[in-house]
Amino acid sequence: MALAISSEHIDLAEAAAGHLARQAVRQAARDSLDGPVDLGKFWSDTADLGWLGLHLPEEYGGSGFGIAELTVVLEALGHELAPGPFLPTVIASAVIAHAGSSELCAELLPGLADGSTVGAVGLAAGLARDDAGSISGQVRAVLSAPEADLLVLTLGDDLVVLDKTAAGVDVTAANALDTTRGLGTVSCAGVTVPANRILSGAARSGRSLLRVLASAEAIGGALACLEMATDYAKVREQFGRTIGSFQAVKHHCANMLVATEATIAATWDAARANDIDGTWFASAVAASYAGPTQLKNARMNIQLHGGIGFTWEHDAHLYLRRATTVAAILADGVNPLSDIVAAYRAGEAHGASFELPEEADEFRAAARAEAEAVRSLPEAQRRDHLVDSGYLVPHWRKPWGREAGAIEQLVIEEEFEGIDLPDLGITGWVNLTIAQVGSDDQRARWIEPVLRGRDQWCQLFSEPGAGSDAAAVRTVGKKVDGGWRVTGQKVWTSVALECQWGLATVRTDPDASKHAGVTMMAIDLSSEGVQIRPLREITGDALFNEVFFDDVFVPDSDVVGEVGEGWKVARATLGNERVSIGGGSGSIEFGPAELVKVLDESSATDGDLRVGEMIAEDHTLRLLNLRQAARAVIGAGPGPEANVTKLVKAEHSQRITELGLDLAGTAAVAGGTPELTYAYLFARCLTIAGGTSEIMRNTIAERLLGLPRDPLAR
């Protein structure tokens, strides 16, 4: 189960999966196609487990946990397509617990918690109060209205709680697309409601709860569709090979995973919030992903199954029915994308705070003192001070860093907020590798000048014709007395003209296998035979370079690692990985604030919804990084977020600048938006540099989803 990270949540998720398997709920979902299903045992057994009251106070029959625990269970229910009114019942009880009086909570919550009362929810507009205070109107598509006892409906900015049997209330069952739970129209004609049944000002918080909890259920459905599709792709053969080995299929599956992981991060963030009233933005982001993601995955699941996926006997269409219904309900009344933009303009575009465990306190005093010391120093002295204290690269091992674990790193990040720290960039990546696998002499020669800002390094990996295949090395090193003579060409080398050294992959054994015959060498770029030629890009800049080696001598002392093991060196990382909650959104200096400014100057009629998508994506990129940090803090091991973030970050930079240009219109092509236009051009490289997005999708499909490699690839 994906939402669960902590051991407690993982245990809950496993218990939920076991219960649903024993109850054979997916078969019950299928049986619902032929008519109403008796869910009595499943409902009572589920209530006995306490799941209907997980989030409710113990005084009202609940378990005293929170929304986060409830979302873990809902994911499991969605995964197995559990039929019945669980989702609307827990939404109803959560709304009443949040906004109802103590008298109303005491009256209604015990029944909702033990399953004796079934709830229904409809949050689209349609009801109004007359001068006498009675309620009339109609609300369509009320979830589980036909089987419910209690109805929670929108009444302007308020919510109203109605008994289905109250005078003037009429429920008409719909011919629902999703047969696993009812859908109905609620009509009211002069309904009189006690004052405590009007939850004043609760419509927004009610919608937030609907969005968070429905999104959690949608994650389960999206994951189930992804699993079905990839499992089928691993065994279905066409043209003499499994279809999962075809790149087109891999990319479809990778896209399903990427969208699902973004939904997971957004829903996880919204569910962690302690203040329901403060989740307006976070819940809207979750819903903006959850509805479309579950629906796209359900559709793609059928596509990848081919003809069998279109049959009545296959479960794929059950997930399509559920996904289509949930997507419609999440967009009913108020599109979450509109709320995202409104929340951004109101200064409410933030998620739940990240809380560090108590162990953080042991690092706080030292980090705070160091941060204060740095702030007191002149700019010219700060870098040396940070190097001497180990705070420049705290995640590096000593003597260069502090060997800081995840918690200490995050404390340092918090305490150093606002201090402009040097960014080592590629130079840091290269020397991090040298710190791990280099010799003592190499570390002594190279690392100190880098940390103090005297030297820069570049990576000399890519070659003409190789593209993203970094192992296709044709630069040759021939052994000579005392070293090697290197001849060849590298390309797409960032900032090479500004660097003193480069770390290069060199083929030293042409008879060995592709990865085994490569040696890593540090090359002094001032050496005789080195020529650097700038490559002017579409922006007019020359960030990238071609580097030529003509019989360049590299001494044995500059071979990094063992001869023939350069590929291992290239993939080396320091034991303590850098952890951050900042993460950064795009790879360009054009973000939501700049996009909203362009929108305000635009005449586009659909701009708010499109901008809402970009704000949600920008926010979710940070959440993916936050999930990584949370895993590191509790020692939960790596997740899929790193692979997903690299892909989404690059493509987000393109999407947000493309939208900016579209909204700006002719101003963008007539010199009126120079910063935006530059960012638009620069962003084109981001899905190519460092491995194309297509290669990233292959990597996600093969390493994360277990799809087979192309048998024709060597």
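The crossing of helices α9 and α11 is left-handed, meaning that the near helix is turned anticlockwise from the far one by less than a right angle. This is a predicted model, in which local features need pLDDT of at least 70, side-chain atom pairs count only at pLDDT 80 or more, and totals for chains, interfaces and linings use all residues. Residues are numbered from 1 along each chain as its sequence is written, and side-chain values use heavy atoms, with hydrogens and water left out. Helices (H or I, at least four residues) and strands (E, at least two) are DSSP runs, numbered from the N terminus.

**Helices α9 and α11**

- The axes of α9 (residues 280-305) and α11 (residues 336-345) come within 8 Å and cross at roughly 145°; axes are lines fitted to C-alpha atoms, for helices over the stretch in contact, and angles run from 0 to 180 degrees between N-to-C directions.
- On the α9 side the contact (heavy atoms within 4.5 Å) involves Trp280, Phe281, Ala284, Val285, Ala287 and Ser288.
- On the α11 side, Pro336, Leu337, Asp339, Ile340, Ala342 and Ala343 take part.
- Sorted by class, the contact of α9 with α11 has 10 nonpolar, 1 polar and 1 charged residues. Here Ala, Val, Leu, Ile, Met, Phe, Trp, Tyr, Cys and Pro count as nonpolar, Asp, Glu, Lys and Arg as charged, and the others, Gly among them, as polar.

**Helix α1**

- Helix α1 (residues 7-23) has 17 residues and should span 24 Å at 1.5 Å a residue, which agrees with the 24 Å between its end C-alpha atoms; the expected span is 1.5 Å times one less than the number of residues.
- His9, Leu12, Ala13, Ala16, His19 and Leu20 of α1 are buried, where buried means under 20% relative accessible area, exposed over 50%, and partly exposed in between (1.4 Å probe, protein chains only).
- These residues cover an arc of only 125° around the axis, so they lie on the same side of α1; the arc is that of the directions from the helix axis to the C-beta atoms.
- An α-helix has 3.6 residues a turn, so residues three or four places apart point the same way.
- The buried residues of α1 pack against α2 (25-31), α3 (40-48) and α4 (67-79), while Glu14, Ala21 and Arg22 are exposed on the other side of α1.
- Ala24 follows α1 and has a positive phi, near 50°.

- Leu257 sits in helix α8 (residues 247-272) and counts as buried because its relative accessibility is 7%.
- Leaving aside residues up to four places away in sequence, Leu257 touches Leu226, Val644, Ile700, Leu704 and Leu705.
- Pro57 is in the loop between α3 and α4 and is partly exposed, with a relative accessible area of 30%.
- Pro57 touches Gly62 and Gly64, again leaving aside residues up to four places away in sequence.
- Pro57 and Ala97 are 40 residues apart in sequence, with their C-alpha atoms 8.1 Å apart.

**Backbone exceptions**

- Most residues other than glycine have a negative phi, and most peptide bonds are trans.
- Lys398 and Pro399 are joined by a cis peptide bond with omega of about 15°; Pro399 lies in the loop between α13 (379-389) and α14 (406-415).
- Val495, not a glycine, has a positive phi of about 50°. Val495 lies in the loop between β13 (483-490) and β14 (501-507) and, at 22% relative accessibility, is partly exposed.
- Asp551 in strand β17 (residues 544-555) has a positive phi of about 55° and is partly exposed, at 39% relative accessible area.
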